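Please keep the structure open as you read.

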Amino acid sequence: MDFQPVERAPEASQQSLTAQEITGICRRAFGSATDPVSAVELSTGMYNNVYRLALYGRAEPVILRVAPEEGRQFRSEHRLMRNEYATQPWLTVIAPLMPRVLTVDWSHEVVDRDWMIQTCLPGVPAPERMRAYPRTARTTFFRQMGAIARKVHDVRGPHFGPVAGPAYGKWSEAVLASLEDIAADLRDAGLDASGVREAAALAARDRATLDEITEPRLMSGDLWTVNTLLDPTAPEPVITGVLDFDRTWFGDPAADWTISMATAVQDERASFWEPYGALDRSPAAVRRAGIYEARHLGAILLEAHRLGRTDAVRERYELLARLLAGLTRPRG
C-alpha cells in the first residue's frame, strides 16, 4: 500500500493511524478480500484524521474519517462524529450536496477510536478554487451559501441542544450548558476561562431573552467556505459539496457559525442574505447575538489552543474582552 500520513507532534490531538490499522478498517468495512491500494492523509482536516483511500476492486475512492482518541477530546467536543451520524436523517434537504455514509464503527475493536467511511465527493476545496475567480464572482458563491443555510435552518427539531443529545427543553439551558462545558475545557487546558464564565453569567441573567426562542431549528455548526467544495472547471463558483456536520445543534439559527461568518464583514458576502432572508435586528436578537458570539470565541480559543496557534489564542482573548465590555455596558 502507498501510505502517506501527515506527521504530527506526539501531543497533538490528531494522531495518524498505521498502515496496518487502515488495512484492518478496510477489511472490517468491505470484507476480508478488500485491501487499500493507497491511503493519503489530507491535511485539511482540523479535528478528525481524514484519508482518501483507493481500494482494490473499487473504481471510486472513499474517504475515511477517524475521530481523536476519547481521552484527547474536550468535553465540549465529545463524540462529535456520533453527533454527525445522528444528524444524517435531518439533512436530506441538502442530500445531493453531501457525501453518503458507507459505514461507521463505534465498537473500538479495530482501532480504539470512532471512524466513518464516506463517498468521495467531486470538487476541490473552496479556499483553493476561489483564488482563481475575481472578487466580484464571490457574490455567486455566497448566494449559494445563503440558499443552503436557509434549507438547513428551516428544519424543525425535537429538542434544544446537540442533535445526538443531551436534549434540553429550553434554549437557555442548552446555551448555558455549552458555555459551561467550554469554560471547563479552558480551565482544564490551563487557559483563562473567566471571559467565558462571564458570558455564561450574562446568559443566565438573560434567560428570558434566550427563551424567546421556542422552536428548535437545525444549525449546521460549521458550514462556511472551508467546508465546501467547488466545481474545478466552472467559469463562476459552483458549490458541488458540503462537508463536516459534526457540530450540529437544534436551537436559534442566529447562533449558527454560518450566521456569525456571514455578518463578520460587509463585503461580497452581503449576497448571502438574498436567498436567506433578513436577519432579526431587534434589541433582544442583538443581545442574544452577543452571547452567541462569546460562545463562538470560546470554542475558537479551544481549537486554536489544540492546534498550537498561540497568536490566534491571544487575538481571540482580546476579541472576547471587547465583546464582553460591550455586553456589560449599561443599556440606556
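## About the model

This is a predicted model, in which local features need pLDDT of at least 70 and side-chain atom pairs count only at pLDDT 80 or more, while totals for chains, interfaces and linings use all residues. Residues are numbered from 1 along each chain as its sequence is written, and side-chain values use heavy atoms, with hydrogens and water left out.

## Helix H6

Helices (H or I, at least four residues) and strands (E, at least two) are DSSP runs, numbered from the N terminus. Helix H6 covers residues 194–205, and its 12 residues should span 16 Å at 1.5 Å a residue; the expected span is 1.5 Å times one less than the number of residues. The end C-alpha atoms of H6 are 16 Å apart, which agrees.

Which residues of H6 are buried? They are Gly195, Val196, Ala199, Ala200, Leu202 and Ala203, where buried means under 20% relative accessible area, exposed over 50% and partly exposed in between (1.4 Å probe, protein chains only). Seen down the axis of H6, these buried residues fall within an arc of 160 degrees, so they line one face of the helix; the arc is that of the directions from the helix axis to the C-beta atoms. They pack against helices H5 (171–188), H7 (207–210), H10 (283–306) and H11 (310–328), with contact meaning heavy atoms within 4.5 Å.

## Backbone details in loops

Most residues other than glycine have a negative phi, and most peptide bonds are trans. Arg79, in the loop between strand E4 (62–66) and helix H2 (80–87), has a positive phi near 55 degrees. At 34% relative accessibility, Arg79 counts as partly exposed. His108 also has a positive phi, of about 60 degrees, and is found in the loop between strands E5 (101–105) and E6 (115–119).

The peptide bond from Gly165 to Pro166 is cis, with omega near 5 degrees. Pro166 sits in the loop between strand E8 (161–162) and H5.
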